[in-house]
Amino acid sequence: MTYLGHSACMLEAGGKRLLIDPFLSGNPAATLDPETVECDYVLLTHGHQDHYGDTELILRRTGACIIAPYELANYVMTKTGCCGYPMNHGGGANFDFGRLNLTNAIHSSSLPIYGGSATYLGNPCGFIIQADGKTFHHAGDTALTMDMQLTGEFYEIDVALLPIGDCYTMGPIHAAKACEFLQPKRVVPVHYNTFPAIEVDVDAFADRVGAAGVEVLKLGTGDTIEV
Ligand code: NI
Ligand code: MN
């Protein structure tokens, strides 16, 4: 998994390249060029611009398929003509890279499609991806929820990406509680310090989580880890 800044990452799973929430060209923390990035799938947790990002450009150029919540996937497929897999919460499907499930996220999901007002595109999600004998979790943008206890019960998560930036998602204290529920082996804090509104003290999160025995990986843009 290579971290691409904000909530974006590239996951190599089952011999395929999964690009998640490709907010690249407008992201002050991103270093990857949407004009040259290669991938087999684009995964979207929800429609907000800081996740949707360069989705259309990348799908048109690469011929990759979209995987996203039902309404959002159908919107992207209609807009770009790309192949895709509209899914919904609680459901899983087997792909050529492994198995993917959608998890609940408490957030919203919209794009300013018609005349600048927000058009709703279904509900936001997180992803559980099981491939190569490993389990990877991208929580998307979400509040702390009791549902995370169930996710932690059903999956032995090797690496979880959790938002900690507050304001729009969990802040450091809530995200530390989410770690207790999810019980990942390692956690990567994301969705913080990209903009002034989500500037937080990452150590407030790391100290609490570290005390609970979960390893915290503070990744910079471009850093790669083995899940
Ligand atoms: Ni969002
Ligand atoms: Mn966001």
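Modeller: The nickel ion (ligand 1) and the manganese ion (ligand 2) are 3.1 Å apart, with aspartate 141 coordinating both. This is a predicted model, where local features need pLDDT of at least 70, side-chain atom pairs count only at pLDDT 80 or more, and totals for chains, interfaces and linings use all residues. Residues are numbered from 1 along each chain as its sequence is written, chains are lettered from A and ligands numbered from 1 in the order in which they are written, and side-chain values use heavy atoms, with hydrogens and water left out.

Colleague: Which residues coordinate the nickel ion (ligand 1)?

Modeller: His46 (NE2), His48 (ND1), His107 (NE2) and Asp141 (OD), at 2.2 to 2.4 Å. Donors here are N, O and S atoms within 2.8 Å of the metal (3.2 Å for Na, K and Ca); water is not among the atoms, so sites may look incomplete.

Colleague: And why is the arrangement around the nickel ion irregular?

Modeller: Because the 4 donor atoms subtend angles of 87 to 177 degrees. Four donors count as tetrahedral if all angles lie between 85 and 135 degrees; four count as square planar and six as octahedral if opposite donors are over 155 degrees apart and all others between 65 and 115; anything else is irregular.

Colleague: Over to manganese: what are the protein donors of ligand 2?

Modeller: Asp50 (OD), His51 (NE2), Asp141 (OD) and His191 (NE2), lying 2.1 to 2.3 Å from the ion. Their sequence spacing is D-H-x89-D-x49-H.
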